[in-house]
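Please examine the fold of the chain displayed here, then its confidence, its surface and its charged contacts. The paragraphs that follow take these topics in turn.

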Amino acid sequence: MSDYNKYVLAVNKIFDCITKMKTNWTSQDNINYIETIEEYRQIVIDDAKSFSEKEVKDSALVEELGND
C-alpha cells in the first residue's frame with residue numbers, strides 16, 4: 001500500500017469518527033468544536049491531492065534514474 005493510500009485511509013477514518021461523534025453528542029459546545037474541525041476537511045483533501053502528485057513525480061524520477 002502506498003503512502004498516499006495510507007494517508008487517505010487515515011484521514012477518512014478521522015472524519016468518519018468525527019461524523020459519528022457529531023450525530024451522537026448532545027452538547028452544543030462539543031458539536032461546535034467538531035464543526036470547527038470539519039472546516040479543515042477541504043484543506044486536507046487538497047493536501048492529499050498535492051501529496052498524490054508529489055508521489056507520482058517521485059516515482060517518475062526513480063524510474064528515470066533507474067534507466068541510466
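The protein chain contains 3 helices and 0 strands, and its elements run α-α-α from the N terminus on. Helices and strands are DSSP runs numbered from the N terminus, helices being H or I with at least four residues and strands being E with at least two. The model is a predicted one, in which local features need pLDDT of at least 70 and side-chain atom pairs count only at pLDDT 80 or more, whereas totals for chains, interfaces and linings use all residues. Residues are numbered from 1 along each chain as its sequence is written, and side-chain values use heavy atoms, with hydrogens and water left out.

Confidence is expressed as pLDDT, the predictor's value for each residue on a scale from 0 to 100. The protein chain has a mean pLDDT of 81, with 78% of its residues at 70 or more. Among its elements, helix α2 (residues 28–38) has the highest mean, 92, and helix α3 (residues 41–66) the lowest, 71. Where pLDDT is low, the predicted coordinates should not be read in detail.

The accessible surface, computed by the Shrake-Rupley method with a 1.4 Å probe, comes to about 5600 Å² for the protein chain, and 56% of it belongs to carbon and sulfur atoms. Of the 68 residues, 10% count as buried. In relative accessible area, buried means under 20%, exposed over 50%, and partly exposed in between, with a 1.4 Å probe and protein chains only.

Val11, Phe15 and Ile18 of α1 are buried. They cover an arc of only 50° around the axis, which puts them on the same side of α1; the arc is that of the directions from the helix axis to the C-beta atoms. On the other side of α1, Lys13, Thr23 and Asn24 are exposed.

Which charged side chains meet? A salt bridge is a side-chain nitrogen of Lys or Arg within 4 Å of a carboxyl oxygen of Asp or Glu, and by this rule the count comes to 3. One of them joins aspartate 16 to lysine 20, at 3.4 Å from N to O. Both residues lie in helix α1 (residues 3–24), 4 residues apart, about one turn of the helix. An α-helix has 3.6 residues a turn, so residues three or four places apart point the same way. Aspartate 16 is partly exposed at 38% relative accessibility, as is lysine 20 at 49%.

Lysine 22 also takes part in salt bridges. Its bridge with glutamate 35 has its closest N and O atoms 3.6 Å apart. Glutamate 35 lies in helix α2 and lysine 22 in helix α1, so this pair ties together parts that are 13 residues apart in sequence. With glutamate 38, lysine 22 forms a salt bridge whose closest N and O atoms are 3.2 Å apart. Here lysine 22 of helix α1 and glutamate 38 of helix α2 tie together parts 16 residues apart in sequence. Lysine 22 is partly exposed at 29%, glutamate 35 at 33% and glutamate 38 at 22%.
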